Amino acid sequence: MERHIVCVQIPSFGITLARAGNASLRNRPVAMASVHTPRALVREVSHEAFHEGIEPGVSVELARRICPGLRLVPPDSSRLWTAHRELQRTVLPLAPAWESIRPGSLFLDLTGTTRLFGPPIDTAARLSRELIHRQGWNSVIGLAGNKLVSQLAATTLERPPQVFSIHPGSEQPFLAPLPTTLLPGLNRAQASQVLRRLDDLNLRTLGSIAAVSMTHLTSAFGSTAGFLHNWALGIDPSPVRPPIEQPAIEEAIGLDPDEVDDQLLLGRLYGLLEFLCATLRQQRRVCRRMMLTIRYSDHHEQAAQQLLHRGTYWEADLQPVLIGLFTRCFRRRVRLQRTTLRVDRLGPPAEQLSLFEESESLAQPAHHRLSLALDRIRMKFGERAVSWGKTLR
């Protein structure tokens, strides 16, 4: 069966949400960055700011010199994730399977839905209209036979709302002129090294990679050569994974302003840990590895990971591991800009049934019962209904 994969992206999602609540930001250059530190970097830019010459990653000071009329908006992670969940609810009736990329971006698998909803291109266009009419969000949508090509199709669109469909067999001509820096398949750890080597070898487009034999690619890139060769040809067999099937769960938080206080940082990390554990319990999965990545204000990144002796989804089991990872990572007295917590090697819990009837108070330790009680309160009254004091510093 021919696959139909849709990539939905709302460009500059944070700025789009800020404009929805502040009409004075519309139709003028806007950038998202921390407003509490002069060393902050621009995270997102509006279409108007981009045409003024401002790009993500430049300093706020330089951005203001380039565009004196630039308006800055601070990042708001809670509003971002609330809106992302609203986006998920919008696509739910149209796609049997969907996968989150980041806030404001989703993969949808429309394979086999033609008899229900009509041709996939019509479904994508209908989704675009619904996002405009219901939420006021302009989107760019790529449609292709796999995740890689559909994401690149959406990335190449300049101004929303637009839908770009890549027909089967035309993947390679579409990919050939695109720069290698657009490749979404490279993970953070290997991206800089691979892109630097591609530049050294003058392989600056996907078409130039496709023209190199597999033997030569392997001698230059080792085990990564197979992925590069397939991506350059538009080959990507990876499935769209619903949340319950995704092999890892990751949550990040941007610090605004940048922080260096150990106790405050550990409190923020414990908030991330609570969210991940609650998600694991909801999906009835346990994790067997945890990874922490921190990003300093000078853009240096440090990562550490820990294998677990047994799978778990309890905060009490994972908190000592988190503290150890933080101690291994945070060795420079430089402010932190961003922290990312990831759990993977997920699987079903190995539960032991009791031979005799026991009351619930005896069957579970107190900290387990407390975690479950907090889950029920937050599910009924919202995520901010109750919090630990250490997470509010």
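**Burial and backbone angles in a predicted model**

Student: Where in this predicted model is R345 found?
Tutor: The model is a prediction. R345 is found in a loop, the one between β12 (336-344) and α15 (360-363).

Student: Is R345 buried, partly exposed or exposed?
Tutor: Buried means under 20% relative accessible area and exposed means over 50%. R345 has a relative accessibility of 45%, so R345 counts as partly exposed.

Student: What is the phi of R345?
Tutor: R345 is not a glycine, although its phi is positive. The value is about 55°.

Student: Which loop holds N202, and what is the phi of N202?
Tutor: N202 lies in the loop between α9 (188-200) and α10 (206-210). N202 is a residue other than glycine, yet its phi is positive, near 60°.

Student: Is N202 buried or exposed?
Tutor: The cut-off for exposed is over 50% relative accessible area. N202 has 51% relative accessibility and therefore counts as exposed.

Student: Is T293 buried or exposed, and which residues is T293 in contact with, leaving aside neighbours within four places in sequence?
Tutor: T293 lies in strand β10 (residues 287-296). Its relative accessible area is 10%, so T293 is buried. With those neighbours left aside, the residues in contact with T293 are E301, Q302, A303, R338, T339 and T340.

Student: Why is helix α1 (residues 13-21) described as largely enclosed by the rest of the structure, and how many of its residues are buried?
Tutor: The buried residues in α1 are F13, G14, I15, T16, L17, A18 and R19. The helix is largely enclosed because the buried residues number 7 of the 9.

Technical notes. Residues are numbered from 1 along each chain as its sequence is written. This is a predicted model: local features need pLDDT of at least 70, side-chain atom pairs count only at pLDDT 80 or more; totals for chains, interfaces and linings use all residues. Side-chain values use heavy atoms; hydrogens and water are left out. Buried means under 20% relative accessible area, exposed over 50%, partly exposed in between (1.4 Å probe, protein chains only). Helices (H or I, at least four residues) and strands (E, at least two) are DSSP runs, numbered from the N terminus. Contact means heavy atoms within 4.5 Å.
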